[in-house]
Amino acid sequence: MSDAVAKLQWQDPNTKKICEYVLTEGATVIIGRSSNNDIQIAEQHVSRQHTVIQYREGVFMISDLGSSNGTFVNNNPISDDESFPLFAGDEIRLYVPTLRFLAVTEGDEEKAKESGFFITATNPSGQGSLIVTNGPQEGQTIPLLLNQVTVGRATNNATWEVLIQDPSVSRPHARFEKRGDRWYIVDLGSANGTRVNHNEIDHTGYGLADGDTLELGRSLLLFRTGWQAPEERGRNGQGQ
């Protein structure tokens, strides 16, 4: 039985080669210009971390990551406060580059496994990390090395582990906690609130999944689980 449920297809902007990545149920795909994405598209109009496609309750959802030039589905822009469902045949435009979201056909899974362009669900109990997708620290990856990590505004007398250079972030703002095999985020009574996938959370905590978008004040971060450095991953880059 095939594990593949969808694929992304586009033309490399430099080599003009047609590229395909096959996705399994539960997969998360980060697309952007930087090499630490699941799919790298090295085109000047693409942001470092541009967009995320996340599997939620049987549907792949796409969200913009605060990109400079926006994300479009079938030429309609995705607003900063929404996630949009994808269906076979949809076209995803990252301002200039266009990707097609397609159903898999016979042989796609075997071909993707052989080429390394096969994206599966990550280990939910793996190491957590945060990727800053906008602002002065854009592109920075912050590993969650402790079972409790507090995040707050960068100040001279800060006692929390992660410092965010954003005046809209409180001192401190939120805490990440590993409870059993899952990461949770807890708001610490922040002035401007904490949102996960555009939904406000509170002090009781919210269980995180790979690819969740986090808004702390006006800062946007991406949560990853099972993260590894790019040189340790077998699926980074494109057209390799």
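Guide: One term before we start: two strands pair if DSSP finds at least two bridges between them. Also, this is a predicted model.

Visitor: Fine. How do strands β5 and β6 pair, and over how many bridges?

Guide: They run antiparallel, with 6 bridges. Strand β5 covers residues 51-56, and β6 covers residues 59-64.

Visitor: Which residue in β6 is the bridge partner of Tyr55?

Guide: Phe60.

Visitor: Zooming out. How many helices and strands does the protein chain have?

Guide: The count is 1 helix and 23 strands. The radius of gyration is 18 Å, close to the 18 Å the globule rule gives for 240 residues, so the chain is as compact as a globular protein of that length.

Visitor: What box do the C-alpha atoms fill?

Guide: Roughly 55 × 35 × 30 Å along the principal axes.

Visitor: New topic: burial. What share of the residues counts as buried?

Guide: 51% of the 240 residues. The accessible surface is about 11200 Å², and carbon and sulfur atoms hold 45% of that.

Visitor: Last one. How far apart are the mean positions of the positive and negative charges?

Guide: 4 Å, for 21 positive and 31 negative charges.

Technical notes. Residues are numbered from 1 along each chain as its sequence is written. This is a predicted model: local features need pLDDT of at least 70, side-chain atom pairs count only at pLDDT 80 or more; totals for chains, interfaces and linings use all residues. Side-chain values use heavy atoms; hydrogens and water are left out. Helices (H or I, at least four residues) and strands (E, at least two) are DSSP runs, numbered from the N terminus. The radius of gyration is taken over C-alpha atoms; the globule rule is 2.2 Å times the number of residues to the power 0.38. Buried means under 20% relative accessible area, exposed over 50%, partly exposed in between (1.4 Å probe, protein chains only). Accessible areas come from the Shrake-Rupley method with a 1.4 Å probe; for residues, only the protein chains shown count as cover. Lys and Arg count as positive and Asp and Glu as negative; His and the chain ends are not counted. The place of a charge is taken as NZ of Lys, CZ of Arg, CG of Asp or CD of Glu.
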